[in-house]
Every structure is written in structure tokens, then in C-alpha cells.
Amino acid sequence: GVFYDLSQLLLLTKELKRKAEELSELSQEQARLLEDIRQQAEQIAVLDELVLAAIQRREIVSVAQSVIDGLKSLFPQTGLAVFRHDASSNSFVFVAGNEKALAAIERLSPNRTIPESAIQSLPRLKRGETIKLDDLKVVNSEASRAFLAEGFRSAALCPLHIGDEFLGFLAAFRPQPHSFTDDELAFLQRVANHLAIALHNAHLF
């Protein structure tokens with residue numbers, strides 16, 4: 001009787017422990033799903049802002065800065081900047097960005113205008129390629145050295161194109177090497193595509 005009761009109690013305890021582990025796994029999965037939903041909602045909000053900007057033809061700096069502000073929560077610990085291409089001077093002009101990126105940009109160029117020669121990936125950007133630089137230490141360019149000096153190790157560059165016209169690029173930088181995932185890169189390029197339309201409609205490029 002007593003041994004039987006004890007063995008039954010042990011079995012019940014094991015079963016309760018197993019159920020608790022299952023519930024824990026379920027709650028972790030629910031938390032992951034909720035986080036995914038939250039991120040998707042924030043991504044949609046950023047894209048919605050760009051669609052609205054394109055319709056309203058808002059001023060270029062306002063459009064670009066609203067995009068940077070929308071990306072901040074999705075890309076924490078990330079330097080973010082938008083540059084427009086100035087074909088007349090063969091350079092890129094800083095349009096908008098966050099504090100993290102600004103220090104490196106001003107180190108590279110106090111007037112926030114970067115010569116084309118400082119961007120090693122320029123031919124690929126002009127062709128419309130999304131660029132992922134996993135380790136800036138192996139990129140030998142004036143721009144990469146400036147961003148390394150400010151503590152950045154990896155970068156993503158997303159071209160702004162309308163048809164064959166190259167308008168500039170959206171840039172993101174992080175302190176860790178190999179830190180941008182393919183999904184993040186794809187989303188940043190989607191943002192860049194929408195941003196290009198909004199900026200083109202502003203008639204200020």
C-alpha cells in the first residue's frame with residue numbers, strides 16, 4: 001500500500017514536471033510569436049509612413065528623418081543614415097541620420113559631404129545591388145576607416161533607385177562584425193525602395 005502510493009506519487013510528480021516544461025516551452029513560443037508580430041507591425045508602420053510621404057510629396061529631409069526615426073526601434077545599437085547622390089560634384093550629401101552614425105560621418109567629412117572615391121562599393125550600388133559588409137576591417141576605403149574609428153565593424157548599404165536613376169543610398173552600421181541577417185537586409189532594401197519613390201516625388205533630388 002505505502003510503496004504503491006509512493007510510486008504513484010513519484011509518477012504524478014514526473015508527469016506534473018513534464019507538463020510544466022511543456023507549458024514553459026509554449027509560453028516561450030508565444031513570446032517569440034508576439035515579438036515577431038510586434039516587429040512586423042513596426043515594419044509596416046515604417047513603410048506606411050513612406051507611402052504617406054510619397055503621396056503628400058513632403059520635403060526631403062522630413063521624409064528621410066521620419067524613416068530614420070521609424071527604424072530606430074527596429075534596429076537598436078545601429079547607426080543609420082540617408083545620403084543623396086549629387087552627380088554634379090560626384091559626391092554624396094548627408095540628408096538624415098541618427099546620432100550613432102553622425103559622429104562617423106563628420107569624422108569622414110566635417111561638412112557631411114562624402115566624395116564618391118570614399119565609397120569602395122559605389123559601382124555595385126549604382127547597379128542596384130544591396131551591399132552587406134560583414135567586417136569593415138577587410139574593406140580598404142576612406143569611409144570604412146572612419147566608421148571603424150567610431151567603433152563600427154559591419155555595414156549594410158541599400159541603393160535608392162528609380163528606374164535607371166541612382167538617387168543615393170540608405171546605410172546601416174553596427175559595432176559587431178557579421179551582424180546583419182538576410183531578413184534585415186531585405187527589409188532595409190524594401191525601405192530604401194519606398195524611400196526612393198518618396199524622395200523622387202518630392203522633386204528635390
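Contact here means heavy atoms within 4.5 Å. Axes are lines fitted to C-alpha atoms, for helices over the stretch in contact, and angles run from 0 to 180 degrees between N-to-C directions. Helices (H or I, at least four residues) and strands (E, at least two) are DSSP runs, numbered from the N terminus.

What you see above is a predicted model: local features need pLDDT of at least 70, side-chain atom pairs count only at pLDDT 80 or more, and totals for chains, interfaces and linings use all residues. Residues are numbered from 1 along each chain as its sequence is written, and side-chain values use heavy atoms, with hydrogens and water left out.

I begin with the sheet. Six strands form an open sheet in the order β3-β2-β1-β6-β5-β4, with antiparallel pairing; two strands pair if DSSP finds at least two bridges between them. The edges are β3 (113-115) and β4 (131-133), each with a single partner strand, so one side of each has no neighbour in the sheet. On average, neighbouring strands are turned by 25 degrees against each other, direction ignored.

Within the sheet, β1 and β2 run antiparallel and are joined by six bridges. Asp86 is opposite Ser91 of β2. The loop between β1 and β2 (91-97) contains Asn90. Asn90 is not a glycine, yet its phi is positive, about 50 degrees. With a relative accessible area of 45%, Asn90 is partly exposed; the classes are buried under 20%, exposed over 50% and partly exposed in between (1.4 Å probe, protein chains only).

Now the helices on the sheet. Helix α2 lies across β1, β2 and β6, and runs at about 60 degrees to β2. Helix α3 (residues 99-108) also packs on the sheet, where it touches β1, β2 and β3, and its direction makes about 45 degrees with that of β1. The buried residues in α3 include Ala101, Leu102, Ala104, Ile105 and Leu108. Among the elements that cover the buried residues of α3 are β1, β2, β3 and α5.

How many cavities of 30 Å³ or more does the structure hold? It holds one. A cavity is a set of points, on a 1 Å grid over the protein atoms alone, where a 1.4 Å probe fits but cannot get out, and lining residues have an atom within 4 Å of a point. Grid points are joined across faces, edges and corners, and a volume is the space filled by probe spheres set on the points. The largest cavity has about 180 Å³ of space. Of its 18 lining residues, Ile119, Ala143, Ser144, Leu157 and Phe173 are the closest to the centre. Elements that each supply at least two residues of this lining are α5 (142-149), β5 (154-162) and β6 (165-174). The lining has 14 nonpolar residues (Ala, Val, Leu, Ile, Met, Phe, Trp, Tyr, Cys and Pro), four polar and no charged ones (Asp, Glu, Lys and Arg), with the others, Gly among them, counted as polar.

That leaves Phe173, in strand β6. Why does Phe173 count as buried? Because its relative accessibility is 6%. Between Phe173 and Ala156 there are 6.5 Å from C-alpha to C-alpha, and they are 17 residues apart in sequence. Leaving aside neighbours within four places in sequence, the contacts of Phe173 include Gln77, Phe147, Phe152, Leu157 and Phe180.

One of these, Gln77, lies in the loop between α2 (60-72) and β1 (79-86). Gln77 counts as exposed, at 54% relative accessibility. The phi of Gln77 is near 55 degrees, positive in a residue other than glycine.

Definitions and conventions. On a 1 Å grid over the protein atoms alone, a cavity is a set of points where a 1.4 Å probe fits but cannot get out, and a pocket is an open set with protein on both sides within 12 Å along at least five of seven lines; lining residues have an atom within 4 Å of a point.
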